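Visitor: I would like a close look at one part of this model. Please take me through the sheet and the charged pairs around it.

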Amino acid sequence: MATAQRSTVITDPVGIHARPASEFSQAAASSGCKVTIAKGEGNPVDAGSILMVMSLGIAKGDKVTVTVDGDEAESVADSLVTKLTQAE
């Protein structure tokens, strides 16, 4: 099982609100991998849970780190970070 980690800075003026959080969480849950997301140096939470993602309160300028454990970790991590940045 492989592990991949990606970091990005959120540039959306309203941060990660309900719609992009929902799309991101659904993609993470359906990836078949274990996926977590952390804000800054904070503790990672289950990325497949919209409530956990929303609880991070991710705002514009926040750095987030996505960690993926699974067979397709590299491609899943790339895809999820793209979802976060395209939501903007």
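Guide: A salt bridge here is a side-chain nitrogen of Lys or Arg within 4 Å of a carboxyl oxygen of Asp or Glu. Lysine 39 and aspartate 62 meet that cut-off, with their closest N and O atoms 3.6 Å apart. Lysine 39 lies in strand β2 and aspartate 62 in the loop between α2 and β4, so this pair ties together parts that are 23 residues apart in sequence. The two partners can also be placed by exposure. Buried means under 20% relative accessible area, exposed over 50%, and partly exposed in between. Lysine 39 is therefore partly exposed, at 29% relative accessibility. Aspartate 62 has a relative accessible area of 18%, so aspartate 62 is buried. Keep in mind that this is a predicted model.

Now the sheet itself. The sheet is open and has four strands, in the order β1-β4-β2-β3, with antiparallel pairing. Its edge strands are β1 (2-9) and β3 (45-46), each of which pairs on one side only. In general, strands of a sheet pair through backbone hydrogen bonds.

Start with β2, the strand of lysine 39. Strand β2 covers residues 34-39 and pairs with β3 in the antiparallel sense, over two bridges. Threonine 36 stands opposite aspartate 46 in β3. The two strands form a hairpin with five residues between them. Glycine 40 sits in that turn and has a positive phi of about 55 degrees. Strand β2 also runs antiparallel to β4, and six bridges join the two. Here lysine 39 stands opposite valine 64 in β4.

Helix α3 (residues 73-86) lies across β1, β2 and β4 (63-70). The helix runs at about 20 degrees to β1. Charged side chains link α3 to that strand. The whole structure holds four salt bridges. In one of them, glutamate 74 meets arginine 6 at 2.5 Å, N to O. Glutamate 74 lies in helix α3 and arginine 6 in strand β1, so the pair ties together parts that are 68 residues apart in sequence. Glutamate 74 is partly exposed, with a relative accessible area of 44%.

Arginine 6 has another partner. Its side chain meets that of aspartate 78 in a salt bridge of 2.6 Å, N to O. Aspartate 78 lies in helix α3 and arginine 6 in strand β1, so this pair ties together parts 72 residues apart in sequence. Aspartate 78 counts as partly exposed, at 39% relative accessibility. Shared partners join Arg6, Glu74 and Asp78 into one network.

Stay on helix α3 for lysine 83. Lysine 83 is partly exposed, with a relative accessible area of 36%. Leaving aside residues up to four places away in sequence, lysine 83 touches Glu23, Phe24 and Ala27. Glutamate 41 is 42 residues from lysine 83 in sequence and 21 Å away in space, C-alpha to C-alpha.

One last stop is helix α2, residues 50-55, which includes isoleucine 50. Isoleucine 50 counts as partly exposed, at 32% relative accessibility. Together, Ile50, Leu51 and Met54 make a nonpolar surface patch of about 280 Å².

Note on methods: Residues numbered from 1 in each chain as written. Predicted model: local features only at pLDDT ≥ 70, side-chain atom pairs only at ≥ 80, totals over all residues. Heavy atoms only, no water. Patch = residues over 30% accessible without salt bridge, like charges linked within 9 Å, V, L, I, M, F, W, Y side chains within 5 Å. Areas by Shrake-Rupley, 256 points an atom, 1.4 Å probe, with all protein chains shown as cover. Buried < 20%, exposed > 50% of the residue type's maximum accessible area, 1.4 Å probe, protein only. Pairing = 2+ DSSP bridges. Contact = heavy atoms within 4.5 Å. Axes fitted to C-alpha atoms, helices over the stretch in contact; angles between N-to-C directions.
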